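Hi,

Here is the structure I said I would pass on. Have a look at it first, and my notes follow below.

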Amino acid sequence: MAHTLTSRRTTRRLAADAGLLMVAAAFVLPLVWVVLSALDPHAGLRVKTPDGLTLDNFDAILTPEITFTPLLNSMILCGGATLLTVVCAALAAYPLSRFRSRFNRPFLLTILFATSLPITAIMVPVYALFVQVDLIDTTQGTILFFTASQLPFAIWLMKNFMDGVPKELEEAAWTDGASAFQSLIRIVLPLMGPGVAVVTVFCFVMMWGNFFVPFMLLLTPDQMPASVSINDFFGNRGMVAYGQLAAFSLVYSTPVILLYVLIARRLGGGFALGGAVKG
């Protein structure tokens, strides 16, 4: 009987391990293809050993028109929108976390509902509105829409992290004459640094990979971010420069990876959810 139970547990463990390996392979294989194809002079759709190592694909894309200008546009759009989102989310989350009201729960549920709205459903009225207020084909208009689209979930996240900061610390600051805004800036936000980092990375990554919004709101090619300009590698009649596409994908992913690494190293082990733990 004991042998049968052990055998069943072993079978289940092996099945679970096999399932996890398949899931891991589904994530790893595309990354392997990107790296190998970027160095392959005859890259195709298949994952294969390169015919020969070359940097010609990088030489072809590392130009102002193809890479540097779109990346700069992406940094301006995503960096500006992320900064605005984090600031607005902190200011909105603070009263929701610190002051009790019968409207808190309905407001939070409304915010949660807003995160589930498909962006394609609201693009048509937004486009019409932006035409009326002369914000179409402008960087500031796109930044505002990016901020508005990410703000609901950012407020929800920020409020949960802010709940983990003991209110007694603020009360001590208020006793010394600090205002609510001063306690937010000098006490709450520094203590919930990991939470602010999570919101920052989440918002930046979501905006960085967004194709649809800048494609709809920006018309001038010189203002297009990298998430839109990557479409230029797909030519007419199904022709795709796979090697250059893979090289551009590696360059395009670098800022996000660097942001995560820098923030994770700066905050150490408390990066993931440290700000949400009461104490």
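Helix α6 gives the largest share of the lining of the largest pocket, with 6 residues. Before you read too much into that, note that this is a predicted model. The pocket holds about 370 Å³ of space. Its lining is made up of 15 residues, and Ala114, Thr115, Leu117, Ser149 and Gln150 are the ones nearest the centre. Besides α6, the helices α4 (104-115), α5 (119-132) and α9 also come into it, as each of the four supplies at least two lining residues.

α6 runs over residues 139-162, and Thr142 is found in it. Is Thr142 buried or exposed? It counts as buried, because its relative accessible area is 0%, and the cut-off for buried is under 20%. A polar atom of the Thr142 side chain lies 3.1 Å from the backbone oxygen of Thr138. If you leave out neighbours within four places in sequence, Thr142 is in contact with Leu77, Phe130, Val213, Pro214, Leu217 and Leu218.

α9 covers residues 193-208, and I checked its length. At 1.5 Å a residue, a helix of 16 residues should span 22 Å, and the end C-alpha atoms of α9 are 22 Å apart, so the two agree. This helix is also mostly covered, with 13 of its 16 residues buried.

Next, the record. The UniProt entry, which is unreviewed, annotates "transmembrane region" at residues 20-39, 71-94, 106-130, 142-158, 196-219 and 239-263. I looked at two of these spans in the model:

- Residues 20-39 are 95% helix and 0% strand, with the end C-alpha atoms 29 Å apart.
- Residues 106-130 are 88% helix and 0% strand, and here the end C-alpha atoms lie 29 Å apart.

The largest cavity has a volume of about 30 Å³. If you want to find it on screen, pick out Trp33, Leu36, Ser37, Asp40, Ala43, Gly44, Arg46, Val47 and Lys48, which line it.

That's what I have for now.

Cheers

Technical notes. Residues numbered from 1 in each chain as written. Predicted model: local features only at pLDDT ≥ 70, side-chain atom pairs only at ≥ 80, totals over all residues. Heavy atoms only, no water. Expected span 1.5 Å × (residues − 1). Buried < 20%, exposed > 50% of the residue type's maximum accessible area, 1.4 Å probe, protein only. Polar contact = N/O pair within 3.5 Å; in protein donor to acceptor, adjacent residues only side chain to side chain. Contact = heavy atoms within 4.5 Å. UniProt positions renumbered as here; feature names shortened; annotations may be inferred. 1 Å grid on protein atoms, 1.4 Å probe; cavity = no way out; pocket = protein on both sides within 12 Å on 5 of 7 lines; lining within 4 Å. Points joined across faces, edges and corners; volume = space filled by probe spheres on them.
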